[in-house]
Amino acid sequence: MAKIDRMERLDARRIDMEAEYTAALIEALKVTAAGKWGLFDHKPDRVARLAIAPVIDQLTDLGDAIDAARAQLDMEPFALQQEFLAARGPVSPQAVGEPKQAQAWLARLTA
């Protein structure tokens, strides 16, 4: 019975962490959609990387905690974090800019 209670508490905590991650990502996306580059790390800009580093660190730490909880619950890794991490990094010159990419993410997450 204690294990069931522990797992229920862990699952409730996981749900809270996922909501916190989503809210933090939405806030970061709003800043990027307004024109501040760096969240998706499309340009090799040291200043932008330093400016966005605390946000990326927060999202990474929270995402890692979520993935650890999900692993204990025999669940797949947190899909939103996996998608976000995959969207970061260099892109082709024809790719949309970070503000437009952030707007598309916001439309999807707030729909």
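This note covers the nonpolar core and the aromatic side chains of a predicted model.

1. **Core.** The largest nonpolar core holds 25 residues. Those with the most contacts inside it are Tyr 21, Leu 25, Leu 29, Leu 39, Phe 40, Phe 84 and Trp 105. Four helices each supply at least two residues of this core: α1 (2–33), α2 (46–72), α3 (79–87) and α4 (98–109). Helix α1 gives the most, with 9 residues.

2. **Phe 84.** This residue is buried, with a relative accessible area of 1%. Leaving aside neighbours within four places in sequence, Phe 84 is in contact with Tyr 21, Leu 25, Leu 39, Phe 40, Ile 56, Leu 59 and Trp 105.

3. **Tyr 21 and Phe 78.** The whole structure has 4 aromatic pairs. One of them joins Tyr 21 and Phe 78 edge-to-face, at 5.2 Å centre to centre and 85° between the planes. Tyr 21 lies in helix α1 and Phe 78 in the loop between α2 and α3, so the pair ties together parts 57 residues apart in sequence.

4. **Phe 84 and Trp 105.** The ring centres are 6.1 Å apart and the planes stand at 85°, so this pair is edge-to-face. It links distant parts of the chain: Phe 84 is in helix α3 and Trp 105 in helix α4, 21 residues apart. Trp 105 counts as buried, at 9% relative accessibility. Ring pairs link Phe 40, Phe 84 and Trp 105 into a cluster.

5. **Charges over rings.** The charged end of Arg 108 sits over the ring of Trp 105, 4.7 Å from its centre. Lys 43 lies over the face of Trp 37, at 4.2 Å from the ring centre.

Terms used: Residues are numbered from 1 along each chain as its sequence is written. This is a predicted model: local features need pLDDT of at least 70, side-chain atom pairs count only at pLDDT 80 or more; totals for chains, interfaces and linings use all residues. Side-chain values use heavy atoms; hydrogens and water are left out. A nonpolar core is a set of buried Ala, Val, Leu, Ile, Met, Phe, Trp, Tyr and Cys residues joined through side-chain atoms within 4.5 Å. Buried means under 20% relative accessible area, exposed over 50%, partly exposed in between (1.4 Å probe, protein chains only). Contact means heavy atoms within 4.5 Å. Rings of Phe, Tyr and Trp (its six-membered ring) pair if their centres lie within 6.5 Å; planes under 30 degrees apart count as stacked, over 60 as edge-to-face and the rest as tilted. A charge sits over a ring if NZ of Lys or CZ of Arg is within 6 Å of the ring centre and within 35 degrees of the ring normal.
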